[in-house]
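I opened the model to look up its pockets, cavities, cores and a few backbone details. My entries follow in the order in which I made them.

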Amino acid sequence: MGQFAISGNQFTYDGKPIQLLSGAMHYFRVVPEYWRDRLLKMKACGLNTVETYVAWNIHEPEEGQFNFSGIADLVRFIEIAGELDLHVIVRPSPYICAEWEFGGLPAWLLGYPDMKLRCYHQPFLDKVDAYYDVLLPKLKPLLCTNGGPIIAMQIENEYGSYGNDKRYLEHLKESMIRRGMDVLLFTSDGPTDVMLQGGMVDGVLATVNFGSRVEEAFAKLEEYQAGKPLMCMEFWNGWFDHWGEEHHTRDAKDAAAVLDDMLKVGASVNFYMFHGGTNFGFYNGANYGGFYEPTVTSYDYDSALSEEGERTEKYFAFREVIAKYAKVDESILLEPVKKKSYGRVELTGQTSLFDSLPALSQPVARTCPEPMEKLGQNYGFILYTTHVSGPREKAKLVLQDVHDRALVFLNGEFQGVLERWDKEGKVELEIPKEGAELRILVENMGRVNYGPKLKDYKGITEAVRLGYQALYHWTIHPLPLDDLTELVFQEGEGTFAPTGKPVFYKGTFQVDVAADTYLDMSGWTKGVAYINGFNLGRYWERGPQETLYIPGPLLREGQNEIIIFELHGTGEAAVTLTDQPNLG
């Protein structure tokens, strides 16, 4: 049994003082085959602890249906850390932010009318408690008090940036204690008066999150919590990217100097991130700072270990600083990252989305266009179809409100795009005498993960108007695109995509030795890529990211299959598998 505790202004483990040197790595962003390698690289940098969030939406994808296998095998991840003699900090709050879809909250919560999030609202608390009934007993044997590696757990996450409901925070604290979580509990918030006032909980250690100005941040924490250990729970040493922005980087020397400032005052630190990984599938989040900003597929974060697990300049700069304060084990043997170019892959199979609807979706009829959540759909795309009577002179099509990006078709012909963040976007339709079929394909580009706009319904959330007239009676196809096995492809060399038509492309390639590779999407417009049925995530010519990471374990020796769902068209039905990432 281990005892992690607070003694005056320092942490102790089994009575001996310990300075926590921790790194964030999210098991759900890294394929399980690579967990041990990444954790070993943390240890080789001098870290003694790993920290992870727990993503509720990964573990309870549908209400009452739980998943703790594969990339969701949290228990195995923690066990591997323990086998490597790393302590573990777990942050199992219902909400995690993390630039992750809906901040980790499951989308099905929004299927309940009047659901209130992150406050003392009994229907929300009931869902959290039902989740904790399944999750927390799995963690109990792994607590240090039971001989496991977990030394501390977080209550909620940066709650002071969102609200001030102490009754809610107390409920979460008691929910954890009641289920046997008898390790150190903590909160983490930005180092400001408002955030600390909103996020702190009586009897729970407060920690702070920041990327610079160490003295100022810790001084603010000490105003509210004197004489306790200082800890930066999120040392932001890199940053994430939104589509259409520049790729973020931070100078290694600058980040290392801030680390030095923390360690020399005896503070503990958790690098956010130490290894970022990837927002596979449809799990990227979005921010809303006046307008909607979706996060890219890569979560490289310009961190110490790159998206594919390479040690970066930052890694070595951090190791040098850590070596001044702790023993760094030089004897750990690390495997090099195996990368390979598999070259050009012709995509010879093709089928259009509209032709494939029967294989992908059971349509439903609704008077008004309903958002995904009202139809029990979490992620992907949703298609709305109606007949508009004619003749009608040219009028503006208004989607009220679209979340997040809509392609408009009239009698099968592409008319334009309407985007949530583009208030100037305009599509005008003229309807012939015999009337016309109107189709609107909406992409959910990731629910907001931070701030006041969390309740982010997807699809058309209210109404469709042509001119001043609302249009009713819709056929709706939910398109989660989580299973493409029923698609039937037409084969033909060198097929081309018609502009503006959503099309699935398929190709195969041979692998002799499986290694990491990158799918170069140059020349393609926007869509989603799959390898052997696994959703790699989104690509978009808007950038900055231009390649999608394919971890070697997703490949198999012999024949492998690529499917690309392209929304607008490509000059050439081919992709390249290269050994170099391009994050812009």
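I call a residue buried when its relative accessible area is under 20%, exposed when over 50%, and partly exposed in between, using a 1.4 Å probe and protein chains only. The model is predicted, and I require pLDDT of at least 70 for local features and 80 or more for side-chain atom pairs, while totals for chains, interfaces and linings use all residues. Residues are numbered from 1 along each chain as its sequence is written, and side-chain values use heavy atoms, with hydrogens and water left out.

**Backbone**

I looked up Ala98, which is not a glycine but has a positive phi of about 60°. Ala98 counts as buried because its relative accessibility is 2%. I found Ala98 in the loop between strand 6 (87-91) and helix 4; helices (H or I, at least four residues) and strands (E, at least two) are DSSP runs, numbered from the N terminus.

Tyr301 also has a positive phi, near 65°. Its loop runs between strand 13 (292-294) and helix 9 (313-322), and Tyr301 is buried at 3% relative accessibility.

I noted a cis peptide bond between Gly390 and Pro391, with omega about 0°. Pro391 sits in the loop between strand 17 (381-388) and strand 18. From Gly543 to Pro544 the peptide bond is cis as well, with omega near 10°, and Pro544 is in the loop between strand 30 and strand 31 (547-550).

**Thr278**

Thr278 is in the loop between strand 11 (268-275) and strand 12 (286-288), and is buried at 1% relative accessible area. Its side chain makes a polar contact of 2.8 Å with that of Glu307; such a contact is a pair of N or O atoms within 3.5 Å, and within protein one must be able to donate a hydrogen and the other to accept it, with residues adjacent in sequence counted only if both atoms are side-chain atoms. Not counting residues up to four places away in sequence, Thr278 touches Arg29, Thr297, Tyr299, Glu307 and Tyr549, where contact means heavy atoms within 4.5 Å.

**Cores**

A nonpolar core is a set of buried Ala, Val, Leu, Ile, Met, Phe, Trp, Tyr and Cys residues joined through side-chain atoms within 4.5 Å. The largest has 168 residues, of which Met153, Leu519 and Ile564 touch the most other members. Helix 4 (residues 122-139) gives the most to this core, with eight residues. A second, separate core of 25 residues includes Tyr384, Leu410, Leu466 and Ile476.

**Pockets and cavities**

I worked on a 1 Å grid over the protein atoms alone: a cavity is a set of points where a 1.4 Å probe fits but cannot get out, a pocket is an open set with protein on both sides within 12 Å along at least five of seven lines, and lining residues have an atom within 4 Å of a point. Points are joined across faces, edges and corners, and a volume is the space filled by probe spheres set on them.

The largest pocket has a volume of about 780 Å³. Of its 32 lining residues, Gly281, Tyr283, Leu481, Asp482 and Asn535 lie nearest its centre.

For the second largest pocket I noted about 430 Å³. Strand 18 (392-403) gives the most to its lining, with eight residues.

My search of the whole structure found three cavities of 30 Å³ or more. The largest cavity is about 60 Å³, and its lining includes Tyr301.
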